[in-house]
Amino acid sequence: MLKKIVLLLVLLVTVGVLALGYGYKLQQQKLNQPLALEAERSLMVAKGTWFGSFARQLAAEGLIDDPLWLRIEARLNPSITQIRAGEYRLEPGMSLRQLLQRVLAGDTVDYSFAFIEGMSFRQLMAALASNEVLEQRATEMTEAELLTHLGSDAKAIEGLFLAETYHFERGMTDLQLLERAHADLNAFLQQAWETRAEGLPYASPYEALIMASIIEKETGVPDERGRIAGVFVRRLERGMRLQTDPTVIYGMGERYEGRITRADLRRPTPWNTYVIDGLPPTPIALAGREAIHAALNPEDGEALYFVAKGDGTHQFSNTLQQHNRAVREYQLQRRADYRSSPGK
């Protein structure tokens with residue numbers, strides 16, 4: 001009798017082991033099966049989501065047929081429960097196992113936003129407002145409120161962000177992005193200021209930033225930034241006015257309609273460097289690392305003038321006589337495809 005009982009128990013255990021093995025095999029097959037996806041899409045995992053609700057979410061969104069077996073899998077393999085919040089990209093053919101690996105690793109969707117060299121603050125805010133991923137906060141604030149929030153004692157918000165491409169995840173606000181770009185600018189500007197060339201005519205890093213913004217608007221040719229910085233620095237050192245068109249355009253504001261006249265050059269504004277001495281009171285655009293470096297490390301030389309050649313580059317001249325000849329050649333007889341900055 002005892003022998004029969006033992007045999008029965010052995011049989012039951014064997015059947016149970018086989019059943020568990022078969023069940024485990026089915027679990028693994030389900031983990032490796034492609035999700036029910038016909039096209040690429042996103043999956044949002046909210047903060048504080050625990051694994052049981054995550055399994056139900058997958059079922060509710062039609063990605064798996066039943067959340068129960070996934071919850072059982074989590075009991076057998078607790079390591080898969082350490083999911084991370086965020087937005088995840090799902091592609092056709094992806095298995096549940098691959099999705100879990102992505103969610104466990106926090107491999108969220110990465111977005112980018114470019115603070116473009118030469119962009120004005122108004123243009124920057126318009127670009128931020130049109131971004132559909134960033135949550136809007138800064139667009140509702142005044143310039144004074146933004147300056148206070150950033151802890152800046154600058155005269156204006158213009159130019160206070162480093163021209164750079166920033167990466168972010170869904171859920172970030174435009175204000176957080178501005179904070180990052182402002183902090184990056186301060187850090188880089190201070191570092192560049194501490195290693196600047198000797199004898200520069202700037203009283204502060206802010207004045208160097210103003211110069212960098214002018215350089216950024218004058219040329220998009222990397223090799224020219226140092227030369228243009230050299231021209232401007234030499235003019236400041238000799239008490240010559242900068243006489244740079246981008247400052248006139250900035251001072252015109254909404255009155256600028258694509259061209260400037262002799263009257264515009266003579267009309268006083270705080271930024272018109274044909275009228276004022278020295279630097280304007282604020283930057284006129286966003287500056288990148290290269291322009292800031294150029295402003296603080298200008299190239300040596302004798303040139304005091306430059307004029308756009310119409311192909312995106314400039315002709316540099318040492319004397320006014322040479323400059324006038326260059327103006328006649330490149331400005332008074334413009335080519336049909338003339339442009340003042342590089343284009344595609």
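This is a predicted model: local features need pLDDT of at least 70, side-chain atom pairs count only at pLDDT 80 or more; totals for chains, interfaces and linings use all residues.

**Entry 1: the chain overall**

Before quoting a surface figure, I noted that accessible areas here come from the Shrake-Rupley method with a 1.4 Å probe. On that basis the chain exposes about 19,200 Å², and carbon and sulfur atoms supply 51% of that area. I counted 13 helices and 6 strands. Of the 344 residues in the chain, 42% are buried. I also checked contact order: among contacts with a separation of 6 or more, 66% are between residues 24 or more positions apart.

**Entry 2: the cores**

Which residues touch the most other members of the largest nonpolar core? I found Phe115, Leu124, Phe161, Leu178, Tyr202 and Ile292, in a core of 64 residues. The elements giving two or more residues to this core are β3 (111-114), α5 (121-129), α6 (143-150), β4 (165-168), α7, α8 (205-218), α9 and α12 (289-296). Helix α7 gives the most, with 9 residues. There is also a second, separate core of 23 residues, and Met94, Leu96, Leu99 and Leu100 are among them.

Leaving aside neighbours within four places in sequence, leucine 124 is in contact with Phe113, Phe115, Met119, Phe161, Leu178 and Leu286.

**Entry 3: tryptophan 193**

Next I went to tryptophan 193, which sits in helix α7 (residues 174-194). Is this residue buried or exposed? Its relative accessibility is 12%, so I filed tryptophan 193 as buried, the cut-off for that class being under 20%. Not counting residues up to four places away in sequence, tryptophan 193 touches Tyr202, Ala203, Ser204, Pro205, Ala208 and Leu296.

**Entry 4: histidine 314**

Histidine 314 belongs to strand β6 (residues 314-317). I put histidine 314 down as buried because its relative accessibility is 8%. What lies 3.4 Å from a polar atom of its side chain? I found the backbone oxygen of glutamate 218 there.

**Entry 5: around α10**

I then turned to the backbone on either side of α10. Most residues other than glycine have a negative phi. Glutamine 243 is not a glycine, yet has a positive phi of about 50°. I located glutamine 243 in the loop between α9 (225-237) and α10 (245-252), and its relative accessible area of 38% makes it partly exposed. Just after α10, glycine 253 also takes a positive phi, of about 60°.

Within α10, the residues I found buried are Pro246, Thr247, Val248, Gly251 and Met252. Their cover includes α8 and α11 (262-266).

**Entry 6: salt bridges**

How many salt bridges does the structure hold? I get 11.

Arginine 89 and glutamate 40 meet through their side chains, at 3.1 Å from N to O. This pair links distant parts of the chain, 49 residues apart: arginine 89 is in strand β2 (residues 86-90), while glutamate 40 is in the loop between α1 (2-32) and β1 (41-45). Arginine 89 is partly exposed, with a relative accessible area of 32%, whereas glutamate 40 counts as exposed at 52%.

For arginine 122 and glutamate 254, the closest N and O atoms of the salt bridge are 3.4 Å apart.

Within it, the side chains of aspartate 107 and arginine 102 meet at 3.9 Å, N to O. Aspartate 107 is partly exposed, at 45% relative accessibility.

**Entry 7: a nonpolar patch outside**

My last stop was the surface. Leu68, Ile72 and Leu76 form a nonpolar patch there, with about 290 Å² of accessible area together. Leucine 76 is in helix α3 (residues 67-76) and counts as exposed because its relative accessibility is 57%. As a side note on helix geometry, an α-helix has 3.6 residues a turn, so residues three or four places apart point the same way.

Methods: Residues are numbered from 1 along each chain as its sequence is written. Side-chain values use heavy atoms; hydrogens and water are left out. Helices (H or I, at least four residues) and strands (E, at least two) are DSSP runs, numbered from the N terminus. Buried means under 20% relative accessible area, exposed over 50%, partly exposed in between (1.4 Å probe, protein chains only). A polar contact is a pair of N or O atoms within 3.5 Å; within protein, one must be able to donate a hydrogen and the other to accept it, and residues adjacent in sequence count only if both atoms are side-chain atoms. Contact means heavy atoms within 4.5 Å. A nonpolar core is a set of buried Ala, Val, Leu, Ile, Met, Phe, Trp, Tyr and Cys residues joined through side-chain atoms within 4.5 Å. Patches are made of residues with over 30% relative accessible area and no salt bridge: like charges are joined within 9 Å, nonpolar side chains (Val, Leu, Ile, Met, Phe, Trp, Tyr) within 5 Å. A salt bridge is a side-chain nitrogen of Lys or Arg within 4 Å of a carboxyl oxygen of Asp or Glu.
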